[in-house]
Amino acid sequence: MDYTRLGNTGLKVSRICLGMMSYGDPGEWDWVLSEDAAEPIVRRAAEAGVTFFDTADVYTSGASEVVTGRLLRKIFARREDYVLATKVYFPVGEAVNDRGLSRKHIHAAIDASLERLGTDYVDLYQIHRWDDETPIEETMEALHEVVKAGKARYLGASSMWAWQFAKAQHVAAANGWTRFVSMQPHYNLLYREEEREMLPLCADQGVGVIPWSPLARGTLARAGQSGEGTARSGSDGRIDYLYDPDNDALILDRVAEVARERRLPAAQVALAWLLGQPGVTAPIVGATKDRHIDDAVAAVSLALTDKERDYLAEPYRAREVRF
């Protein structure tokens, strides 16, 4: 495993981040693993050198945070040995203030997350989306208060328009508040709209990039395969929203072709392409099988040629922005 700094910070993270969304309450989604089923997979990742783990309060109604906290405490000898990230924004209850980025919800949410995770602090506290109903000044000051209280070491953000991210950073800087050190965008071979503005902004400002859905919800991993999809692909309606099979077909064919020539799984090829993109710190990889971990770890040391990289990227055509 390789390690790198998260943006311009001194924080070192593994170049693969294990996404914990797939672990929690199987009763909520049929593709989610229980704690017992998840443990050997998370342990395999840790043994391979993965030290960066990402979850959110909304994943299976908080159960993901509970499982994440338990497993990491069991697997790692010390809290200092891993980097833990979670998120706030989406509804976690029925009350009107159980959502969004108000001061009230942020302070309630971080306390609830820490209790579920069983820790005194998270290393990275991220806003899951932009909140149109809350002034960004209120949000950034509340997040700064979370950091000053010692409940989070760093702040991050996820999918939004580049102008919104720039505005948030400016508000924080102008008031002496804590700025975001990372951006979690939607980015993979099938979706590259972030290359227009968000990624150049992050590069200019020294912000770490930790893409979500690096394998397009498994679509890239199945390139060249025939037959039925997975439990998730059969029940995840956002796949149809985020991707277009007709437009993506040529890219998938090329991923499969390079994988055949290399005699490697398609997942390794697609992840190696993403890991080689300028500014990318650590893709957030979901894993429900041992081979998902093995492919992700192997991709870190897989160097594609310039010709292969260009061949994979060439068919892409602009599409609507999807968060």
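In this predicted model, the charged end of R254 sits over the ring of Y311, 4.2 Å from the ring centre. A charge counts as sitting over a ring if NZ of Lys or CZ of Arg is within 6 Å of the ring centre and within 35 degrees of the ring normal. R79 provides another such contact, with its charged end over the ring of Y121 at 4.2 Å from the centre.

Because the model is predicted, local features need pLDDT of at least 70 and side-chain atom pairs count only at pLDDT 80 or more, while totals for chains, interfaces and linings use all residues. Residues are numbered from 1 along each chain as its sequence is written, and side-chain values use heavy atoms, with hydrogens and water left out.

**Aromatic rings**

- The structure holds nine aromatic pairs, a pair being two rings of Phe, Tyr or Trp (its six-membered ring) with centres within 6.5 Å; planes under 30 degrees apart count as stacked, over 60 as edge-to-face and the rest as tilted.
- The pair of Y89 and F90 is edge-to-face, because the planes stand at 75 degrees, with the ring centres 4.9 Å apart.
- F90 has a relative accessible area of 26% and is therefore partly exposed; buried means under 20% relative accessible area, exposed over 50%, and partly exposed in between (1.4 Å probe, protein chains only).
- One aromatic cluster is formed by F53, F76 and Y82.

**Salt bridges**

- There are 18 salt bridges in the structure, each defined as a side-chain nitrogen of Lys or Arg within 4 Å of a carboxyl oxygen of Asp or Glu.
- R116 and E65 meet through their side chains in a salt bridge (2.7 Å, N to O).
- This pair links distant parts of the chain, with R116 in helix α3 (residues 103-117) and E65 in helix α2 (residues 63-75), 51 residues apart; helices (H or I, at least four residues) and strands (E, at least two) are DSSP runs, numbered from the N terminus.
- R116 counts as partly exposed at 25% relative accessibility, whereas E65 is buried, with a relative accessible area of 0%.
- A salt bridge also joins the side chains of R319 and D248 (2.8 Å, N to O).
- Since R319 lies in the segment after α12 (306-313) and D248 in helix α9 (residues 245-262), this pair ties together parts that are 71 residues apart in sequence.
- Both R319 and D248 are buried.
- R262 and E308 form a further salt bridge between their side chains (2.8 Å, N to O).
- That pair connects distant parts of the chain, as R262 is in helix α9 and E308 is in helix α12, 46 residues apart.
- R262 is partly exposed at 28% relative accessibility, while E308 is buried at 14%.

**The cavity**

- A search of the whole structure finds one cavity of 30 Å³ or more; on a 1 Å grid over the protein atoms alone, a cavity is a set of points where a 1.4 Å probe fits but cannot get out.
- The largest cavity has a volume of about 40 Å³, where grid points are joined across faces, edges and corners and a volume is the space filled by probe spheres set on the points.
- The residues lining the largest cavity are I16, L18, A45, V50, V285, I293, A296 and V297; a lining residue has an atom within 4 Å of a point.
- Helix α11 (residues 290-300) gives the most to this lining, with three residues.
- The lining of the largest cavity has eight nonpolar, no polar and no charged residues; Ala, Val, Leu, Ile, Met, Phe, Trp, Tyr, Cys and Pro count as nonpolar, Asp, Glu, Lys and Arg as charged, and the others, Gly among them, as polar.

- S213, a residue other than glycine, has a positive phi near 55 degrees.
- S213 is placed in the loop between β9 (208-209) and α7 (231-235) and counts as buried at 13% relative accessibility.
- A216 likewise has a positive phi, of about 55 degrees, although it is not a glycine.
- The loop between β9 and α7 holds A216, which is buried with a relative accessible area of 0%.

**D204 and G279**

- D204 belongs to helix α6 (residues 198-205) and counts as exposed at 60% relative accessibility.
- The C-alpha atoms of D204 and G279 are separated by 9.7 Å, and the two residues are 75 residues apart along the chain.

Technical notes: 1 Å grid on protein atoms, 1.4 Å probe; cavity = no way out; pocket = protein on both sides within 12 Å on 5 of 7 lines; lining within 4 Å.
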